[in-house]
Amino acid sequence: MAATPHPIVLGIESSCDETAVALVRAPDTVLAQSLASQADIHSRFGGVVPEVASRRHVEVLDPLVTATLDQAGLELKDIDAVAVTAGPGLIGAVLVGVCYAKALAWALKVPFVGVHHLEAHVAAASLGEAGADDAAPFVALVVSGGHTSLYRVEDGVRFTQLGATVDDAAGEALDKGAKMLGLGYPGGPELERLAAGGDRAAVAFPRAFLAAGLDFSFSGLKTSLRTHLAGADPASPADLAASYQEAVMDVLSTKAVRAAEREGVRRIAVVGGVAANGRLRALLTERATAAGYAVRVPPPALCTDNAVMVAVAGARMLAQGAAADLSLDARARAPLTGRGLS
Ligand code: KG4
Ligand code: ZN
């Protein structure tokens, strides 16, 4: 890499249905970012269609890189390194970003790194706080469409899994619940909008606290909504949305605080698409603050998939001497090691 202590890192995210590009000056100064969401395309199908997602990434990624460089007033030659999500994700979608990143890094003769998608989400929680209490251990609740897990994180990079969902991810439960209520895709934000006018206590949906452990389960909740809707006198859509959302957020915030207590840490980070939810942010902040824990949640636009988080996580890996070579593979699944992917 160029000798500069603050290299300009191009971040690329294409693991699901958002194509995103960001330029970040290490460690975490955002110079420009762009995002092309495919939500409109996939909403017709009620969920992400992998092949459609991959094809769309191919069409929009290169123009998005050009637009992001223009936005920052930079040129290709100004890029010092490339960071790309290499997994986990939809394999064809991840592959588009990985192939592009490899080709670009090779052409520019700059280093590149393969970033783990969940490490990138966690990195978004410490954006703008580099150096503050970075070394202190914390608990991370990762809640997205594909993942719901709790980790203990040390030195910002060493991850120990404390618990995970045994069935649906929280975002998946929200998306499926929203679909049952006739809402569009992605369901989480739609459900949140409808819930704003509803009564959170209208329907006592079940909470799976799984005998005080740190695992999660949301399939019973989904079944309960289906049964309720099939009943003689279902509650209003707004009340159902508010009560259903509350059941998910109650479990998530209870377990995040429980994990912090158990691990003896001072702070809780909440990341991933579901962390954009206002009710989760409020409930967790209220409970964690009352119990003496600090909460870090990225701004909503950095909770859902974006490339800033990829560039920031990549910049940290590069600072630690990591670099991938042309053998870097896209991965549908990948363990979270804190060392990215190679
Ligand atoms: O992190 P993300 O953008 O993509 C994955 O890596 O999965 O998360 C997407 C998930 C979807 O399930 C979506 O419904 C949910 O995050 N989501 C929300 C909100 N915004 C996105 N859930 C609840 N409230 C929101 N405001
Ligand atoms: Zn994600």
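This is a predicted model: local features need pLDDT of at least 70, side-chain atom pairs count only at pLDDT 80 or more; totals for chains, interfaces and linings use all residues.
The centres of domain 1 and domain 2, taken over C-alpha atoms, are separated by 27 Å. According to the domain assignment, domain 1 is made of two segments, 8–123 and 303–319, whereas domain 2 covers 134–297.

The contact between the domains draws on 15 residues from domain 1 and 19 residues from domain 2. The size of an interface is often given as the accessible area lost when the parts come together. Here, domain 1 and domain 2 bury about 1300 Å² between them, and carbon and sulfur atoms account for 74% of that area. On the side of domain 1, L118, V122 and C303 contribute 44% of the area buried against domain 2, more than any other three residues.

Polar interactions across this interface can be considered next. Between domain 1 and domain 2 the count of salt bridges is zero. One residue pair, with both members at pLDDT 80 or more, is found in polar contact across the interface.

The side of domain 1 that touches domain 2 can also be described by its helices. Helix 1 (39–43) and helix 4 (117–123) each provide at least two residues to this side. Helix 4 gives the most, with four residues. By residue class, the side of domain 1 that touches domain 2 comprises six nonpolar, six polar and three charged residues. Those three charged residues lie on an interface for which the salt-bridge count between the domains is zero.

Methods. Residues are numbered from 1 along each chain as its sequence is written. Chains are lettered from A and ligands numbered from 1 in the order in which they are written. Side-chain values use heavy atoms; hydrogens and water are left out. Domain bounds come from an automatic or database domain assignment. Contact means heavy atoms within 4.5 Å. Buried area is the accessible area (1.4 Å probe) that two parts lose on being put together, summed over both. A salt bridge is a side-chain nitrogen of Lys or Arg within 4 Å of a carboxyl oxygen of Asp or Glu. A polar contact is a pair of N or O atoms within 3.5 Å; within protein, one must be able to donate a hydrogen and the other to accept it, and residues adjacent in sequence count only if both atoms are side-chain atoms. Ala, Val, Leu, Ile, Met, Phe, Trp, Tyr, Cys and Pro count as nonpolar, Asp, Glu, Lys and Arg as charged, and the others, Gly among them, as polar.
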